[in-house]
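Here is a briefing on one protein model.

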Amino acid sequence: MKTIAGVLFVAGLCFAGCATEPEPEAGESTSTSSQDVSTGVRCSDKSWKVNFYSDATLTTVVGTMSCVCFQLEQQTGAQSNFTSLVFERTCSLD
């Protein structure tokens with residue numbers, strides 16, 4: 001049930017759009033992968049990142065999807081039904 005709710009949440013974010021570049025999580029690389037691909041979806045007033053995992057144990061990341069304030073949504077790797085929302089922040093409109 002959690003997985004379905006997470007997928008629906010992410011789908012809603014993707015449909016509505018995205019927001020600000022957050023600080024990287026501990027252990028995360030700050031460089032942008034050359035494999036990042038734009039999905040063509042324009043982000044709204046949210047910044048967020050979702051990890052896709054190989055199975056329900058959520059131990060092996062197989063891809064990511066992210067949005068940064070009003071930019072184009074980016075995807076790296078593969079999508080799966082096993083997701084985790086890494087972060088979500090509202091953009092500052094100042």
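The points below cover the disulfides, then the strands and their pairing.

This is a predicted model, in which local features need pLDDT of at least 70, side-chain atom pairs count only at pLDDT 80 or more, and totals for chains, interfaces and linings use all residues. Residues are numbered from 1 along each chain as its sequence is written, and side-chain values use heavy atoms, with hydrogens and water left out. A search of the whole structure finds two disulfides. A disulfide here is a pair of cysteine sulfur atoms within 2.5 Å. The model also has an open sheet of five strands.

**Disulfide Cys43–Cys67**

- The sulfur atoms of Cys43 and Cys67 are 2.2 Å apart, and the two residues form a disulfide.
- Its S-S torsion is about -85°, so this disulfide is left-handed.
- Cys43 sits in the loop between β1 (37-42) and β2 (46-53), and Cys67 belongs to strand β3 (residues 61-67), so the bond ties together parts 24 residues apart in sequence.
- Strands (E, at least two residues) are DSSP runs, numbered from the N terminus.
- Cys43 has 3% relative accessibility and counts as buried.
- Cys67, at 1% relative accessibility, counts as buried.
- Buried means under 20% relative accessible area, exposed over 50%, and partly exposed in between, with a 1.4 Å probe and protein chains only.

**Disulfide Cys69–Cys91**

- Cys69 and Cys91 form a disulfide with sulfur atoms 1.9 Å apart.
- The torsion about the S-S bond of Cys69 and Cys91 is about -120°, so this disulfide is left-handed.
- Cys69 lies in the loop between β3 and β4 (72-77), while Cys91 is in the segment after β5 (82-90), so the pair links parts 22 residues apart in sequence.
- Cys69 and Cys91 are both buried.

**The sheet**

- The strand order is β1-β4-β3-β2-β5, with antiparallel pairing.
- β1 and β5 are the edge strands, and each pairs on one side only.
- Two strands pair if DSSP finds at least two bridges between them.
- On average, neighbouring strands are turned by 15° against each other, direction ignored.
- That angle is taken between axes, which are lines fitted to C-alpha atoms; angles run from 0 to 180 degrees between N-to-C directions.

**Bridges around β4**

- Four bridges join β3 to β4, and these strands run antiparallel.
- Ser66 has Gln74 in β4 as its bridge partner.
- Gly63 stands opposite Gly77 in β4.
- β1 and β4 run antiparallel and are joined by three bridges.
- Ser38 also has Gln74 in β4 as its bridge partner.
- β3 and β4 form a hairpin with four residues between them.
- Phe70, in the turn of that hairpin, has a positive phi of about 60°.
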